[in-house]
Amino acid sequence: MTGAGYTVPAVLAVAAVCAWELAFLRTGLFRRPSYWVAMAIVLAFQIPVDGWLTKLSAPVVLYAPRQMTGLRFPWDIPVEDYLFGFALVTAALLLWERQVRGPGRGPGRGPGRGPGRGRAAHDLRGEPR
């Protein structure tokens, strides 16, 4: 069991996404309760689907045992699948945040955020208020 084919890339994917957020993007995503609720929802769907796909009794997806840790929980789901799932969903949400806020904009500076952003700065004719 080396883990080089599945475990190492899974761990590196999590580390890369977390580093990208904490060192470069700084969107504050990890501090938001809505992010963790979204991750719980993803997990609620990932467990039954992944459990069905990876069940050892009749697997749809096969893994090379030497390329992973062999830890499976629950229902025969490889723990590496959770790491890849976390990295994939988090990267997608971070890309979404970057699109909304634009490059180089920190938390709370996107459209509709911050003081005075709740009301239109112009009336319907386009003239300033």
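Where is the place of glutamate 97? Keep that residue in mind; the tour comes back to it.

**Stop 1: the whole chain**

Start with everything shown as a cartoon. This is a predicted model. The protein has three helices and zero strands. Now colour by burial. Of the 129 residues, 29% count as buried. Next, think about contacts between residues at least 6 apart in sequence. Among these, 60% join residues at least 24 apart.

**Stop 2: glutamate 97**

Select glutamate 97. Here is the reply to the opening question: glutamate 97 sits in helix α3. Is glutamate 97 buried or exposed? Its relative accessibility is 10%, so glutamate 97 counts as buried.

Show what lies around it. Leaving out residues up to four places away in sequence, glutamate 97 touches Thr27, Leu29, Arg32 and Gly102. Pick threonine 27 from that group. Along the sequence, threonine 27 and glutamate 97 are 70 residues apart. In space, their C-alpha atoms are 7.0 Å apart.

**Stop 3: the salt bridge**

How many salt bridges does the structure hold? The structure holds one. Side chains of opposite charge can pair when their charged atoms come close. Here the partners are arginine 32 and glutamate 97. Draw a distance between their closest N and O atoms: the value is 3.1 Å.

Look at where each partner belongs.

**Stop 4: α1 against α3**

Select residues 7–25 for helix α1 and residues 79–101 for helix α3. Hide the rest. How are these two helices placed relative to each other? Their axes come within 8 Å and cross at roughly 25°. α1 and α3 are therefore roughly parallel to each other. The crossing is left-handed.

- From α1: Thr7, Pro9, Ala10, Val11, Ala13, Val14, Val17, Cys18, Trp20, Glu21 and Leu25.
- From α3: Glu80, Leu83, Phe84, Phe86, Ala87, Thr90, Ala91, Leu94, Leu95 and Arg98.

Colour this contact by residue class. There are 16 nonpolar, two polar and three charged residues in the contact of α1 with α3.

**Stop 5: valine 14**

Zoom in on valine 14, in helix α1. Valine 14 has a relative accessible area of 17% and is buried. Which residues does valine 14 touch, not counting residues up to four places away in sequence? Valine 14 touches Leu83, Phe86 and Ala87.

Now select alanine 87 together with valine 14. The two are 73 residues apart along the chain. Their C-alpha atoms are separated by 5.0 Å.

**Stop 6: α2 against α3**

Keep α3 in view. At what angle do the axes of α2 and α3 cross? The angle is roughly 140°, and the axes come within 11 Å. α2 and α3 are therefore oblique to each other. Their crossing is right-handed.

Show the side chains of this contact:

- From α2: Tyr35, Trp36, Met39, Val42, Leu43, Gln46, Ile47, Asp50 and Thr54.
- From α3: Asp81, Tyr82, Phe86, Val89, Thr90 and Leu93.

By class, the contact of α2 with α3 divides into 10 nonpolar, three polar and two charged residues.

**Stop 7: the loop between α2 and α3**

Last, select tryptophan 75, in the loop between α2 and α3. Its phi is near 50°, a positive value in a residue other than glycine. Tryptophan 75 has 59% relative accessibility, so tryptophan 75 counts as exposed.

Step on to aspartate 76, which lies in the loop between α2 and α3. The phi of aspartate 76 is near 70°, a positive value in a residue other than glycine. With a relative accessible area of 27%, aspartate 76 is partly exposed.

Terms used. Residues are numbered from 1 along each chain as its sequence is written. This is a predicted model: local features need pLDDT of at least 70, side-chain atom pairs count only at pLDDT 80 or more; totals for chains, interfaces and linings use all residues. Side-chain values use heavy atoms; hydrogens and water are left out. Axes are lines fitted to C-alpha atoms, for helices over the stretch in contact, and angles run from 0 to 180 degrees between N-to-C directions. Helices (H or I, at least four residues) and strands (E, at least two) are DSSP runs, numbered from the N terminus. Angles under 35 degrees count as roughly parallel, over 145 as roughly antiparallel, 65 to 115 as roughly perpendicular and the rest as oblique. A crossing is left-handed if the near helix is turned anticlockwise from the far one by less than a right angle, and right-handed if clockwise. Contact means heavy atoms within 4.5 Å. Ala, Val, Leu, Ile, Met, Phe, Trp, Tyr, Cys and Pro count as nonpolar, Asp, Glu, Lys and Arg as charged, and the others, Gly among them, as polar. A salt bridge is a side-chain nitrogen of Lys or Arg within 4 Å of a carboxyl oxygen of Asp or Glu. Buried means under 20% relative accessible area, exposed over 50%, partly exposed in between (1.4 Å probe, protein chains only).
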